[in-house]
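Please look over the sequence and the model shown here before reading on.

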Amino acid sequence: MAATVIERGGVVVPPEDGAGFVAWVRPHLPAMARVAARLAVGADRDDIVQEALARAWMKRRQYDAARGSASAWLLAITADQARKAARRVRPVAELAEGDVVEARGDVEGRVDVGQAMEALSARQRLAVDCFYFADLSVADTAAVMGCSEGTVKSTLSDARARLRSLLEVSE
């Protein structure tokens, strides 16, 4: 079922019926799930996406295609819900002094990258998550971040330089 594009006063809005709305958001669900998982580690990704979809449904009349793609609009809502969920995540119990943890080789690299990502500013993390992990274009990343495309490019460049130094990667 293809989503019907509705124009109201020159503004494109999502379908008003539930089935049409579901068809309209379905192609964006994988990216929404990736952004939720990246921005709210430890929170339930599916709950975040569900909250984002509920929010999008309630705000569907505010969507304006002239200001950005449906993907960018939905991912901005998802990012907002993920930030809220991340604030609610309870800290994990600390290991006792005598506990022994053995790291697997394939995990060590991911841990290093994860720690390096946490050293980035929140803005840099959001840019990296949207562009590299959610596979958004620079334009869509700019819409999610609420900034210009040039700012996204600059932020990504700064983030890559910071990650390079943190991970001691030479080009």
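Against which helices do the buried residues of H1 pack? They pack against H2, helix H3 (45–58) and H4, where helices (H or I, at least four residues) and strands (E, at least two) are DSSP runs numbered from the N terminus. The buried residues of helix H1, which spans residues 18–25, are Gly20, Phe21, Ala23, Trp24 and Val25; buried means under 20% relative accessible area, exposed means over 50%, and partly exposed lies in between, with a 1.4 Å probe and protein chains only.

The model is a predicted one, in which local features need pLDDT of at least 70 and side-chain atom pairs count only at pLDDT 80 or more, whereas totals for chains, interfaces and linings use all residues. Residues are numbered from 1 along each chain as its sequence is written, and side-chain values use heavy atoms, with hydrogens and water left out.

Taken as a whole, the protein chain holds 8 helices and 2 strands, and along the sequence these follow the pattern β-β-α-α-α-α-α-α-α-α. Of its 171 residues, 34% count as buried. Among contacts between residues at least 6 apart in sequence, 60% join residues at least 24 apart, a contact being defined by heavy atoms within 4.5 Å.

Helix H2 (residues 29–39) holds Met32, which counts as buried because its relative accessibility is 0%. Not counting residues up to four places away in sequence, Met32 touches Val49, Ala52, Leu53, Leu74, Leu75 and Thr78. The C-alpha atoms of Met32 and Ile77 are 9.1 Å apart in space, although the two residues are 45 apart in sequence.

H2 also meets H6, and the axes of these two helices come within 10 Å and cross at roughly 145°; axes here are lines fitted to C-alpha atoms, for helices over the stretch in contact, and angles run from 0 to 180 degrees between N-to-C directions. The crossing of H2 and H6 is right-handed, where a crossing is left-handed if the near helix is turned anticlockwise from the far one by less than a right angle, and right-handed if clockwise. On the H2 side the contact involves Arg34, Arg38 and Leu39, and on the H6 side Leu126, Asp129 and Phe133. These residues divide into 3 nonpolar, no polar and 3 charged; Ala, Val, Leu, Ile, Met, Phe, Trp, Tyr, Cys and Pro count as nonpolar, Asp, Glu, Lys and Arg as charged, and the others, Gly among them, as polar.

Helix H6 (residues 122–133) also contains Gln124, which is classed as buried because its relative accessible area is 15%. Apart from neighbours within four places in sequence, Gln124 is in contact with Thr155, Asp158 and Ala159. Helix H8 (residues 149–167) is the place of Arg164, a partly exposed residue with a relative accessible area of 29%.

In helix H3, Arg55 is counted as partly exposed because its relative accessibility is 30%. Leaving aside neighbours within four places in sequence, Arg55 is in contact with Ile77, Gln81 and Lys84. In helix H4, Ser71 is buried at 13% relative accessibility, and beyond four places in sequence Ser71 is in contact with His28, Leu136 and Asp140. Ser71 and Ala143 lie 72 residues apart in sequence and 9.4 Å apart in space, C-alpha to C-alpha.

Ala143 is also one of the residues that line the second largest pocket, among them Lys59, Tyr63, Arg67, Trp73 and Ile77. On a 1 Å grid over the protein atoms alone, a pocket is an open set of points where a 1.4 Å probe fits, with protein on both sides within 12 Å along at least five of seven lines, and lining residues have an atom within 4 Å of a point. About 280 Å³ of space lies in this pocket, a volume being the space filled by probe spheres set on the points, which are joined across faces, edges and corners. Helix H4 (residues 70–88) gives the most to the lining, with 4 residues, and the lining as a whole divides into 6 nonpolar, 3 polar and 3 charged residues.
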